[in-house]
Amino acid sequence: MFVDDATADLVFQGWKADEATEAECRQVGNIPDTEAVVRIPARMVPLIRKALDDAEERVRVL
């Protein structure tokens, strides 16, 4: 996961969700062809927090 330098967007990489997880998501709504369901492990929470802080700081500069 990283923060895009140009846009401050967060870019996530994770494991592709299995069919059961995707089916669960479809109970709430559609998954457009342009989107994917990914699973981010809980151990990534500190890294996500740091990335959010970095993105917030970069948005102030943009």
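In this predicted model, E57 and R60 sit three residues apart in helix α2, about one turn of the helix; helices (H or I, at least four residues) and strands (E, at least two) are DSSP runs, numbered from the N terminus. The side chains of E57 and R60 meet in a salt bridge, with 3.3 Å from N to O, where a salt bridge is a side-chain nitrogen of Lys or Arg within 4 Å of a carboxyl oxygen of Asp or Glu. R60 also pairs with E56 in a salt bridge at 3.9 Å, N to O. Because E56 and R60 are four residues apart in helix α2, about one helical turn separates them. Together, E56, E57 and R60 form a network of salt bridges. R60 is exposed, at 59% relative accessibility, while E56 is partly exposed at 47% and E57 is partly exposed at 44%. Here buried means under 20% relative accessible area, exposed over 50%, and partly exposed in between (1.4 Å probe, protein chains only).

Five salt bridges are counted by this rule. One of them joins D5 to R58, with the closest N and O atoms 2.6 Å apart. This pair links distant parts of the chain, since D5 belongs to the loop between β1 and β2 and R58 to helix α2 (residues 45–61), 53 residues away. D5 is exposed at 63% relative accessibility, whereas R58 is partly exposed at 29%.

The loop between β1 (2–3) and β2 (10–11) also holds A8. A8 has a phi near 65 degrees, a positive value in a residue other than glycine. With 8% relative accessibility, A8 counts as buried.

Turning to helix α1 (residues 19–26), E22 is found there. Its relative accessibility is 18%, so E22 counts as buried. Leaving aside residues up to four places away in sequence, E22 touches A17, I31 and V37, contact meaning heavy atoms within 4.5 Å.

A final word concerns confidence and conventions. The chain averages a pLDDT of 91, and 98% of the residues score at least 70; pLDDT is the predictor's confidence in each residue, from 0 to 100. Mean confidence in the chain is lowest in β1, at 86, and highest in α1, at 95. Residues are numbered from 1 along each chain as its sequence is written, and side-chain values use heavy atoms, with hydrogens and water left out. For this predicted model, local features need pLDDT of at least 70 and side-chain atom pairs count only at pLDDT 80 or more, while totals for chains, interfaces and linings use all residues.
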